[in-house]
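The sequence and structure come first.

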Amino acid sequence: MIKMKSILAGMIFSSLSALALAAANPLSVHVLNLQDGLPSAGVTVKLEKQDGKNWSTLNSGTTNEQGRITALYPNDKKLEKGVYRVTFQTGEWFAKQNSSSFFPEIPVIFTVDAAVPHYHIPLLLSPYGFSTYRGN
């Protein structure tokens, strides 16, 4: 019984620390597959910041079972104003699903003005179309 309580307590604290990390991180993404209505786990996502005419890679990650990356911005950096690009590697993901897609990648370019502490970019995905918006 004591062992079970310890395991349960560990799971609770682990979940809480993950939520705290996500709440502290200023950027998250979420990918949903419109074809089957399910989250898109395993999508590689790259974050870049515009520097003049060039782009500097800041971080990358892969969506979890819920189709989310809850902390895409580097943890050791403060969010700066500027133009950013999140690129979803959708062609790779569709290939893993044994499906074709018209879009090998989907770049989403957005401006951070620091008006809000957290930016969320959802992507609604299908093989031949997509939609995105500023989430919360």
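β6 (82-88) and β7 (106-112) run antiparallel and are joined by 7 bridges. Across this pairing, Arg85 has Ile109 in β7 as its bridge partner. The model is predicted: local features need pLDDT of at least 70 and side-chain atom pairs count only at pLDDT 80 or more, while totals for chains, interfaces and linings use all residues. Residues are numbered from 1 along each chain as its sequence is written, and side-chain values use heavy atoms, with hydrogens and water left out.

β6 is also joined to β3 (44-51), by 5 bridges and again antiparallel. Lys49 stands opposite Tyr84 in β6, and Lys46 has Thr87 as its bridge partner there. Strands are DSSP runs of E with at least two residues, and helices are runs of H or I with at least four, numbered from the N terminus; two strands pair if DSSP finds at least two bridges between them.

## The sheet

The open sheet has 4 strands in the order β4-β3-β6-β7, with antiparallel pairing. Its edge strands, β4 (54-62) and β7, each pair on one side only.

## Burial and core

6 of the 7 residues of β6 are buried, so this strand is largely enclosed by the rest of the structure. Buried means under 20% relative accessible area, exposed over 50%, and partly exposed in between (1.4 Å probe, protein chains only).

Phe88 touches residues including Val29, Val45, Ile106 and Ile121, not counting those up to four places away in sequence; contact means heavy atoms within 4.5 Å.
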